[in-house]
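Student: I have the files open and would like to go through how the labels are assigned. Can we take them one at a time?

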Amino acid sequence: MIMNNIVIETENLTKRFGKFTAVDSISFNVRKGEIFGFLGANGAGKTTAMRMLCGLSKPTSGKGTVAGYDITRRPEPIKRNIGYMSQRFSLYEDLKVWENIRLFGGIYGMSDSQIAEKTNELLHTLDFGKDRNTPVKALPLGRKQKLAFSVAIFHEPKIVFLDEPTGGVDPAARRQFWELIYDASDRGIAVFVTTHYMDEAEYCNRVSIMVDGRIKALDTPDKLKCQYNADSMNDVFTHIARTAERTGE
Amino acid sequence: MKPFFACVKKEFYHIIRDVRTVLILLVMPVAQIIIFGFAISTEVRNIRVAVGDPSNDASTQRLINEIDANPYFDITRTIDNPKQIDNLFRRDETDLVIVFEENFNENLLRTGEASLQLITDATEPNKATAVTSYAANVIKSYRNGINKGTARANMQISPEIKLLYNPQQKSAYNFVPGVMGLILMLICAMMTSISIVRERELGTMEVLLASPIKPISVILAKTVPYLTLSIVNLATLLLLSVFVLDVPVAGSLGLLSVLSLLFIFVALSLGLLISTIVNSQPAAMLVSGMVLMMPVMLLSGMIFPIESMPLLLQWISNIIPARWFIAAVKKIMIEGLGFTYVLKETAVLVSMIAVIMLISLKNFKYRLQ
């Protein structure tokens, strides 16, 4: 079903709330293993677009497929094939590290032996051996985010959606986080990531920039910089975002 | 089913990790029932007695002396006209009025039977019961005394007890069913709604909704631990009431459990309904407190008898689930009646579940907007 390794494809995808058009006819595609940056100022419509792709909200018009399934008609199989890490923290603070892993493994229907095996592997790669029984609330933010990402891809989804995953941590911690993203991408998992941080935008394979619900630019960071004659993604972004008429949420 | 059980397990962890809540949930019912229990068994002392003695003979004098000598009673005045009685009570100048019949001694000696009246104010039913039963005991022991000393060994004095103002003593055993209603409502409705709203507030609900687990399973998983806790509490309350407070379960325990389960389901669906209306934990707490707790306390018949409410409030009390539950529990537990007598209550509770569930499922946001 997945043609040319395309895992996300949208065509004039639109979402209106009353008279307000949050997402205005966006079309793009994302390939297997690609790291796709989804940029935009607050209120540009990033989160709404992402929620439609995750099957959390139905589009008003337009088409979209995720992992080969239609987002309007078949949100259920989509949910089995994606991982989701939300802007706000997506693990349970009062549960221990391994309990969180087991919970999400269970929710995605993995067997106990699969969960046990992968848990050990995950704790080892994250260097979480000692923190197996630590309640998540006792972990530093950077480590929580790494754990949340690993849990989001625990069931080996085709795509993982990250909604501002690295909010509140310093560039060094962000870089460590991106190591995990590259690993996932190398394993063939497409990474769909929204972010405010322009240093992160540089790490993406391709970047789309949303303004007022529309995609104003979509290309690799290098080509965008070239096109807008800018030194950094930050300059590109400010140049494009200046055209915005909507104010933040 | 595996995703569902994974969620149930997580809900249990949430509760167990929050030690204070667990303590409140398990200790509060015990504390409440003990407090209410001692409230009904208050001992009454220094009972002021007024005596009406138209026959004024040897027997009545001896009985009056005996009552006066008893540490619990003080004879404070005598009356000669029954019309005075009402006034005495209204001015709170007496707790008990004893009125002898005319020719008390003569009747006692000739027919072997004499009667007197014990009149008390039953607006405080517990006190009224205590006062009259103390007095009846003193009279009985006096009778036993005279029976021993005479040839006719079966002389009878029959005290006729008259409870003024609230003759049926409606609130006597009310508190056990009442506390049951209150606790089950609190745990199921309040805790369930708070835990659903908390999940939404923290943002973890979104992660669950983006996963393959069905939203309805997420919600059902949340109700399981509270259902379990409610059953534990129900058992505790019943054991305490039977063994500590001597309020027996006169009717069928099975029927009582079935009705309690029905009520628990009403409360759970109310909790679900609240969670679909409010957006924050404090709001959930407030709504449960104001919309659920207060009516249960005030309008369910737990404290104030429904029969003595103004008509409007009586009418409103019909939509309080606890009213029907408490009525049914009283019938089964206190009066020992069978299923046919609680058909109406059962039917009301079942239809309440249906209606509330329907509204909340309609409200329930399968997809967050």
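Student: Among contacts in chain B between residues at least 6 apart in sequence, what percentage join residues at least 24 apart?

Tutor: The share is 77%, where contact means heavy atoms within 4.5 Å. This is a predicted model, in which local features need pLDDT of at least 70 and side-chain atom pairs count only at pLDDT 80 or more, while totals for chains, interfaces and linings use all residues. Residues are numbered from 1 along each chain as its sequence is written, chains are lettered from A and ligands numbered from 1 in the order in which they are written, and side-chain values use heavy atoms, with hydrogens and water left out.

Student: How many helices and strands does chain B have?

Tutor: Chain B has 14 helices and five strands. Helices (H or I, at least four residues) and strands (E, at least two) are DSSP runs, numbered from the N terminus. Of the 369 residues in chain B, 50% are buried.

Student: Why is A:Gln145 called buried?

Tutor: Buried means under 20% relative accessible area, exposed over 50%, and partly exposed in between (1.4 Å probe, protein chains only). A:Gln145 has a relative accessible area of 6%, so the residue is buried. A:Gln145 is in helix 5 (residues 141-152) of chain A. Leaving aside neighbours within four places in sequence, its contacts include A:Met85, A:Phe89 and A:Phe177.

Student: What does the side chain of A:Gln145 reach at 3.2 Å?

Tutor: The side chain reaches the backbone oxygen of A:Pro165.

Student: Why does A:Lys144 count as buried?

Tutor: A:Lys144 has 11% relative accessibility and therefore counts as buried. A:Lys144 also lies in helix 5 of chain A. Beyond its neighbours within four places in sequence, A:Lys144 is in contact with A:Phe89, A:Leu91, A:Glu93, A:Val136, A:Lys137 and A:Leu139.

Student: What makes B:Asn279 exposed?

Tutor: B:Asn279 has a relative accessible area of 58%, so the label is exposed. B:Asn279 is in the loop between helix 10 (253-277) and helix 11 (281-299) of chain B. Apart from neighbours within four places in sequence, B:Asn279 is in contact with B:Val197, B:Arg200 and B:Glu201. B:Glu201 is 78 residues away along the chain, with 7.6 Å between the two C-alpha atoms.

Student: How many disulfides does a search of the whole structure find?

Tutor: The search finds zero disulfides over all chains. A disulfide is a pair of cysteine sulfur atoms within 2.5 Å. For A:Cys54, the nearest cysteine sulfur, that of A:Cys204, is 16 Å away. For B:Cys188, the nearest is that of B:Cys7, 19 Å away. B:Cys188 has a relative accessible area of 0% and is therefore buried. A:Cys54, at 0% relative accessibility, counts as buried.

Student: How many cavities of 30 Å³ or more are found, and what makes a space a cavity?

Tutor: The search finds two. On a 1 Å grid over the protein atoms alone, a cavity is a set of points where a 1.4 Å probe fits but cannot get out, and lining residues have an atom within 4 Å of a point. Grid points are joined across faces, edges and corners, and a volume is the space filled by probe spheres set on the points. The largest cavity holds about 90 Å³.

Student: Which helix gives the most to the lining of the largest cavity?

Tutor: Helix 5 of chain A does, with three residues. The lining residues include A:Ala148, A:His155 and B:Val207.

Terms used
Polar contact = N/O pair within 3.5 Å; in protein donor to acceptor, adjacent residues only side chain to side chain. 1 Å grid on protein atoms, 1.4 Å probe; cavity = no way out; pocket = protein on both sides within 12 Å on 5 of 7 lines; lining within 4 Å.
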